[in-house]
Amino acid sequence: MWFQWGEQRDYIDTTWGCGYALASAFVLLNLLGQLTGCILVLSRNLVQYACFGLFGIIALQTIAYSILWDLKFLMRNLALGGGLLLLLAESRSEGKSMFAGVPSVRESSPRQYMQLGGRVLLVLMFLTLLHFDAGLFSILQNIVGTALMILVAIGFKTKLAALTLVVWLFAINVYFNAFWTIPVYKPMHDFLKYDFFQTMSVIGGLLLVVALGPGGVSMDEKKKEW
C-alpha cells in the first residue's frame, strides 16, 4: 500500500467520490491499521485488541473495495476472518491458563465456538479453488480437496487434514500466484501478489488448526467421550 499510495487513493476517490483528502485518510488508516495489528500479534502484545482491529480492517476493505459483490474475494476475506478467529481463540487460551506455559484443563465455550467458526470460515478459501471442468486432474483435485475441507469443518482427523491442506494450498499458491514472474508494470503482477499473500495468511490459519487442534465442538473431541 505504501508503494501504491497514489493508485489506492485514486481508486477510492473515483469509486466513492469522497475527494482527495478523505481518500488519502482511508489509505493511511488502512495501512496503519494493518501494520499496527500485525506488529502487536507478532510481538504477542494486546493480541485480542489487535485481532479486533484487524477484523475492522477486513470489514472496511470489504465495503470500500466492493468485495461484497465479488463472491470469490468475499469468500477469501471470510477465510481471513476465520484465521483471525483462531488466533483470537489461541490468545484467549493463553490468557486463561492458570500457570504460564500450562494449558487450562477445561476450555471455555466461547473459545470452542471460535475454533469451530474459524475452521468453517477457513475452508471457504478452498471453495474458490474448485474447478468445474471434465478434466481428470480437476475432478481428482476437487474430490480430494472437498474431502479434506469437510474433515476440517467437522473436526475429524483435523490436524492431519489441516496439515495436508497446508501443503496442497502452498503448492497451488506458488504455482498459480507466481507474481515474481510477471513484470512489475503489468496489472496482473499486483493481482497475483495480493492473492499470494492473502493465501499465505490462510495457510497461517490452518497451521493454527494444526497447533491447537479442532477444539471442543468437533468429532475428534466427541470421540474421546465415546
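I take helices (H or I, at least four residues) and strands (E, at least two) as DSSP runs, numbered from the N terminus. The model is predicted, so I note that local features need pLDDT of at least 70, side-chain atom pairs count only at pLDDT 80 or more, and totals for chains, interfaces and linings use all residues. Residues are numbered from 1 along each chain as its sequence is written, and side-chain values use heavy atoms, with hydrogens and water left out.

Entry on H2. I looked up helix H2, residues 20-43: its 24 residues reach 34 Å from first C-alpha to last, close to the expected 34 Å (1.5 Å times one less than the number of residues). Arg-44 follows H2 and has a positive phi, near 60°.

Entry on the record. The unreviewed UniProt entry lists "transmembrane region" at 20-42, 49-67, 138-156, 163-184 and 196-217; such annotations may be inferred rather than shown by experiment. I checked residues 163-184 and found 64% helix, 0% strand and end C-alpha atoms 33 Å apart. Residues 196-217 are 77% helix and 0% strand, with end C-alpha atoms 31 Å apart.

Entry on packing. How do H8 and H9 pack? Helix H8 (residues 158-176) and helix H9 (residues 187-212) have axes 9 Å apart at about 165° (lines fitted to C-alpha atoms over the stretch in contact, angles from 0 to 180 degrees between N-to-C directions). They are therefore roughly antiparallel (over 145 degrees).

Entry on disulfides. I searched the whole structure for disulfides (cysteine sulfur atoms within 2.5 Å) and found zero.

Notes: Parallel < 35°, antiparallel > 145°, perpendicular 65-115°, else oblique.
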